[in-house]
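Please look over the structure below before reading the notes that follow. They are grouped by topic and can be read next to the sequence.

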Amino acid sequence: MFTLAEVASLNDIQPTYRILKPWWDVFMDYLAVVMLMVAIFAGTMQLTKDQVVCLPVLQSTVNSKAQPGTSGKADFTTVETTTGRKTNLDFQQYVFINQMCYHLALPWYSKYFPYLVLIHTIILIVSSNFWFKYPKTCSKIEHFVSILGKCFESPWTTKALSETACEDSEENKQRLTGAQSLPKYVSTSSDEGSPSASTPMITKSGFKFSADKPMIEVPSVTILDKKDGEQAKALFEKVRKFRAHVEDSDLIYKLYVGQTVIKTVKFIFILCYTANFVNTISFEHICNPKVEHLIGYTQFECTHNMAYMLKKLLISYISLICVYGFICLYTLFWLFRIPLKEYSFEKVREESSFSDIPDVKNDFAFLLHMVDQYDQLYSKRFGVFLSEVSENKLREISLNHEWTFEKLRQHVSRNAQDKQELHLFMLSGVPDAVFDLTDLDVLKLELIPEAKIPAKISQMTNLQELHLCHCPAKVEQTAFSFLRDHLRCLHVKFTDVAEIPAWVYLLKNLRELYLIGNLNSENNKMIGLESLRELRHLKILHVKSNLTKIPPNITDVAPHLTKLVIHNDGTKLVVLNSLKKMTNVAELELQNCELERIPHAIFSLSNLQELDLKSNSIRTIEEIISFQHLKRFTCLKLWHNKIVNIPSSITHIKNLESLYLSNNKLESLPAAVFSLQKLRCLDVSYNSIALIPVEIGLLQNLQHFHITGNKVDILPKQLFKCVKLRTLSLGQNCITSIPDKVSQLVQLTHLELKGNCLDRLPATLGQCQLLRKSGLVVEDHLFDALPSEVKEVLNQDTSIPFANGI
């Protein structure tokens, strides 16, 4: 027979699962244990003491009962005469008949009652704990219990809830977050008699920043070490992934409902058939074994010694089953009384600063409902790890702990404009120590989704340039006031136009605005740029997008805009009439806009000085004659197009100083180009030009001439009459020799000859006073073939000649 310990092991659920067992499950487990004890006790008694004792019913007794006497005395006499009569049976016959009558006369329920109780109880125990064992649910439950325990014991949970509990206290009003490197601020009264500032208080993510009073730094009270912070961050990630995995199904809920229904049906079944057998268990039984030829008697009267005990045990078992069944019915009532597939943290949100804790559904909600039956504190502490506000607080603490002032100082560099620049990439936020770099000129924030700019930025008095690359930064009121008055240049890179912070359009002192992103996608068809009317001092607007027309809101800044740049990424720019309103534009760039001709609207820009139409589809430029009406026009860039020839009407642009026609399909240079006496820069690189006209000598003001990547084989002597040349690019041609007259170019600082068919370099290169080896682009063997004195001149220190040249 089973021992009690062996049977009890069937109900041995891991102690960690106890938080998912409500009171009714616990009570039913105890009832199941009592049922097991009843079964084991009854089975043990039955194996050791269960037996029947039978005596034959004598024939005279049967006859006397069948034919009763006429008086009571006669009857008494008959009974007296049978008393003590021999039965003529030996011991073996008694044993035999006892065994036969045990199986024939005894009801089956009296014999198998302990085993039925045992089987029913095991089925009920299995039904109660099946959801802990079923593979598709036990893995989720095990994961949930593991995460829940870690969240409950995490130092971050304790810290977050303790801050919430103390949020309204006076002490908590004097603190911010509890990081070692995150300063705490308190509001202090101003000196007696002096007025306090009028900046309003800004409330953000559960923190209260008092911006209307002086700030002093106080030590942090609660600090998370690095290990605890990393553990908390890992928990946030685990909770996020577990929620996504569990919320998409309700298998655990359905399985629990199913096993509860099975237990209820089992209870009804047991109660129905067991109640019928209560009266069948009796002490006396009549047995007719039909073995008269062996025994000599036909009828026996038997007694069952366990009948009384079995009947009491059966009544006890029925009582336990009834209690068990009522609890099952209550469980079903609880399961269907409220929507257990939805769980709201409304109470937690009301009691804490984490107002963003989301409601959950399906199996995730059901598990939390079950935990609440054990202890509601578990779900309250667990909710901390569902809050983005809480996660952001942790990120701030970890971020400030990692990015100290010293580390940030090491990342500061000098850019091309010799300004101090700091580039922060893919951080969880902006470290507080950034705003202690008071000498910073340029701040770049890239891929920082939770960037927040606090009031401390007001101490960065040198900051004039800000880059927000996929970084929809939030700005406090005091910080915005500072940026509005001091920021001069802003770069914003975005995917959706909604990512552009609204405060950008209110920076009234902004001088330069660079917008890079998709303004013409399906998501942005109904979205336009906010009004730029407030940007009264904006001078430079750079838009890199895929526009089909110039946004109407750009006309809000048209009267005072001096430079407009549109990079269109290959999308055809059709409507350009709004350009006529930009009367003050001096520089205009329309790059990669699929333009086929020079837009006529450009000729209305009377103040235009420079036009860049790079990377379009322009084939002909007959309209170029209209530039003669633009008296200030000096620079024309038509590079990376499909231009075949230059019209002779270009000679009418008398003030043209720079002409860029590289990467086109030119085969020749017309003489009209060389009539532009003010031309200082001519770039016709990467075309198919085979000859440099002798008229080039007329360009006495030419300083930069680029004809790299063509088919030139001979250099005309007239080229060296352009004595003001500083840059001469002749690489990747078919030139076989360089005339000695190159020595006339005394101001030459850059000479490119690489990629030609040269055998040698002229020794007169040494007479080019400003030319040095760093400015001479040529094959090494040609340079090595120069006379040593020429190489010595070219290898001289470049600092003094360049200074003189400048």
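Phenylalanine 144 is in contact with Leu20, Phe242, Phe364, Leu367, Leu368, Val371 and Phe382, leaving aside its neighbours within four places in sequence. Phenylalanine 144 lies in helix 7 and, at 0% relative accessibility, counts as buried. The model is a predicted one, and the notes below take up its confidence, its overall make-up and several local features.

**Confidence of the model**

- The mean pLDDT of the protein is 81, and 84% of its residues reach 70 or more.
- Residues 165-222 have a pLDDT below 50, yet this stretch has 99 contacts in the model beyond near neighbours in sequence.
- Residues 799-806 also have a pLDDT below 50, and here the model holds 6 contacts beyond near neighbours in sequence.
- Where pLDDT is low, the predicted coordinates should not be read in detail.

**Overall make-up**

- The protein has 806 residues, of which 50% count as buried.
- Its secondary structure comes to 21 helices and 28 strands.
- Taking contacts between residues at least 6 apart in sequence, 56% join residues at least 24 apart.

**Helix 7 and its surroundings**

- Helix 7 (residues 135-153) packs against helix 6 (residues 108-133) at an angle of about 70°, and the axes of the two helices are 6 Å apart.
- This angle makes helix 6 roughly perpendicular to helix 7.
- Helix 6 brings Trp131, Phe132 and Lys133 to the contact, and helix 7 brings Pro135, Thr137, Cys138 and Ile141.
- By type, the residues of the contact between helix 6 and helix 7 divide into 5 nonpolar, 1 polar and 1 charged.

- An open sheet of 3 strands has the order 1-7-6, and its pairing is antiparallel.
- Strand 1 (52-56) and strand 6 each have a single partner strand and stand at the edges, so one side of each is left without a neighbour in the sheet.
- On average, neighbouring strands of this sheet are turned by 25° against each other, direction ignored.
- Strands of a sheet pair through backbone hydrogen bonds, either parallel or antiparallel.
- Strand 1 pairs with strand 7 in the antiparallel sense over 5 bridges, and leucine 55 has glutamate 301 of strand 7 as its bridge partner.
- Strand 6 (residues 284-287) and strand 7 (residues 300-304) run antiparallel and are joined by 4 bridges.
- Glutamate 284 stands opposite threonine 303 in strand 7.

**The two faces of strand 6**

- In a regular strand the side chains alternate between the two faces of the sheet.
- Which residues of strand 6 point to the face where side chains are buried? They are His285 and Cys287.

**A buried loop residue**

- Valine 712 is found in the loop between strand 25 (704-706) and strand 26 (727-729).
- Is valine 712 buried or exposed? At 1% relative accessibility, valine 712 counts as buried.
- Not counting residues up to four places away in sequence, valine 712 touches Ile689, Ala690, Ile692, Ile707, Asn733, Cys734 and Ile735.
- Isoleucine 689 is 23 residues from valine 712 in sequence, and the distance from C-alpha to C-alpha is 6.5 Å.

- Most residues other than glycine have a negative phi, and most peptide bonds are trans.
- Aspartate 418 has a positive phi of about 60° although it is not a glycine.
- Aspartate 418 is in the loop between strand 10 (413-414) and strand 11 (420-425), where it is exposed, with a relative accessible area of 54%.
- Leucine 447, a residue other than glycine, has a positive phi near 55°.
- The loop between strand 12 (442-446) and strand 13 (452-453) holds leucine 447.
- With a relative accessible area of 34%, leucine 447 is partly exposed.

Key: Residues numbered from 1 in each chain as written. Predicted model: local features only at pLDDT ≥ 70, side-chain atom pairs only at ≥ 80, totals over all residues. Heavy atoms only, no water. Axes fitted to C-alpha atoms, helices over the stretch in contact; angles between N-to-C directions. Parallel < 35°, antiparallel > 145°, perpendicular 65-115°, else oblique. Contact = heavy atoms within 4.5 Å. Nonpolar A, V, L, I, M, F, W, Y, C, P; charged D, E, K, R; others polar. Buried < 20%, exposed > 50% of the residue type's maximum accessible area, 1.4 Å probe, protein only. Pairing = 2+ DSSP bridges. pLDDT = per-residue confidence, 0-100.
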